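Thanks for coming. I have one structure to go through today, so please look at the screen while I talk.

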Amino acid sequence: MEEKKEDVTTPIPIDRQWISKLLQKYPNPNSMRNDKALVVAPMVDQSDLPFRMLARRYGANLCFTPMIHSRLLTEVESYRRKFLVQRRDDDRPLIAQLCGSDPDLVLEAARMLEPYVDG
């Protein structure tokens with residue numbers, strides 16, 4: 001029996017207000033504007049928690065994690081401990097960025113990160 005493939009050409013509906021909703025849900029008291037995203041751009045090995053907290057102190061209201069390697073996250077316990085930390089209300093909203101070449105591992109890593117990030 002042939003496996004039925006999912007149609008990847010049909011666009012998935014996206015809530016275009018999701019960032020605005022996150023900013024309203026988690027306002028940064030240090031930010032001059034909570035109606036617009038003041039984003040700390042993602043940086044490999046630089047967007048860790050202390051840097052994000054410093055950026056938030058100076059008004060950033062949306063931050064990214066460092067680049068997270070999907071295979072390492074799913075297979076290496078010490079790597080997992082580095083990124084799967086307790087969620088902090090003062091580090092929200094937080095967007096994760098993943099890399100990887102295996103779609104199944106990227107999906108597994110995204111599911112592991114989902115409880116800790118907002119997107």
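Which residues does threonine 74 touch, not counting residues up to four places away in sequence? Before I answer, please keep in mind that this is a predicted model. Threonine 74 touches Arg80, Leu105, Glu108, Ala109 and Met112. You will find threonine 74 in helix α3, which covers residues 70–75. The relative accessible area of threonine 74 is 14%, so it counts as buried, the limit being under 20%. The side chain of threonine 74 also has a polar atom 3.0 Å from the backbone oxygen of arginine 71.

Now the overall layout. The protein chain has 119 residues, and 31% of them count as buried. It contains five helices and three strands. Read from the N terminus, the order of elements is α-β-α-β-α-α-β-α. The C-alpha trace spans about 60 × 35 × 20 Å along its principal axes. Among contacts with a separation of 6 or more, 62% are between residues 24 or more positions apart.

Next, the sheet. The three strands form an open sheet, ordered β1-β2-β3, and the pairing is parallel. Which strands stand at the edges? They are β1 and β3; each has a single partner strand, so one side of each is left without a neighbour in the sheet. β1 and β2 run parallel and are joined by two bridges. If you want a place to look, valine 40 stands opposite cysteine 63 in β2.

Helix α5 lies across β2 and β3, and runs at about 160° to β3.

In soluble globular proteins, nonpolar side chains tend to be buried together. Here the largest nonpolar core has 13 residues. Which of its members touch the most other members? They are Ile68, Leu73 and Leu113. At least two residues of this core come from each of β2 (62–69), α4 (77–83), β3 (94–99) and α5 (103–113). Take leucine 113 as an example. Leaving out residues up to four places away in sequence, leucine 113 touches Ile68, Leu73, Phe83, Leu84, Ala96 and Leu98.

A few words on cysteines. A disulfide is a covalent bond between the sulfur atoms of two cysteines. How many disulfides does the structure hold? The count is zero. Cysteine 63 is in no disulfide, and the nearest cysteine sulfur, which belongs to cysteine 99, is 19 Å away. Cysteine 99 is likewise in no disulfide, its nearest cysteine sulfur being that of cysteine 63. For a disulfide the two sulfur atoms have to be within 2.5 Å. Are these two cysteines buried or exposed? Cysteine 63 is buried, at 0% relative accessibility. Cysteine 99 is partly exposed, with a relative accessible area of 25%.

Now for asparagine 28. Where is it found? Asparagine 28 sits in the loop between α1 (18–25) and β1 (39–40). With a relative accessible area of 8%, asparagine 28 is buried. Its side chain has two polar neighbours to point out. One is the backbone oxygen of alanine 60, which the side chain of asparagine 28 reaches at 2.6 Å. The other is the backbone nitrogen of asparagine 30, which lies 2.8 Å from a polar atom of that side chain. Beyond its neighbours within four places in sequence, asparagine 28 is in contact with Asn34, Arg56, Gly59, Ala60 and Asn61.

Leucine 22 is in helix α1, and it counts as buried at 12% relative accessibility. How far apart are leucine 22 and asparagine 61 in sequence and in space? They are 39 residues apart in sequence, and 9.6 Å apart in space, C-alpha to C-alpha. Not counting residues up to four places away in sequence, leucine 22 touches Pro93 and Asp118.

That is what I have for today.

Notes. Residues numbered from 1 in each chain as written. Predicted model: local features only at pLDDT ≥ 70, side-chain atom pairs only at ≥ 80, totals over all residues. Heavy atoms only, no water. Core = buried A, V, L, I, M, F, W, Y, C linked by side-chain atoms within 4.5 Å. Buried < 20%, exposed > 50% of the residue type's maximum accessible area, 1.4 Å probe, protein only. Helix = DSSP H or I, 4+ residues; strand = E, 2+ residues; numbered from the N terminus. Contact = heavy atoms within 4.5 Å. Polar contact = N/O pair within 3.5 Å; in protein donor to acceptor, adjacent residues only side chain to side chain. Pairing = 2+ DSSP bridges. Axes fitted to C-alpha atoms, helices over the stretch in contact; angles between N-to-C directions.
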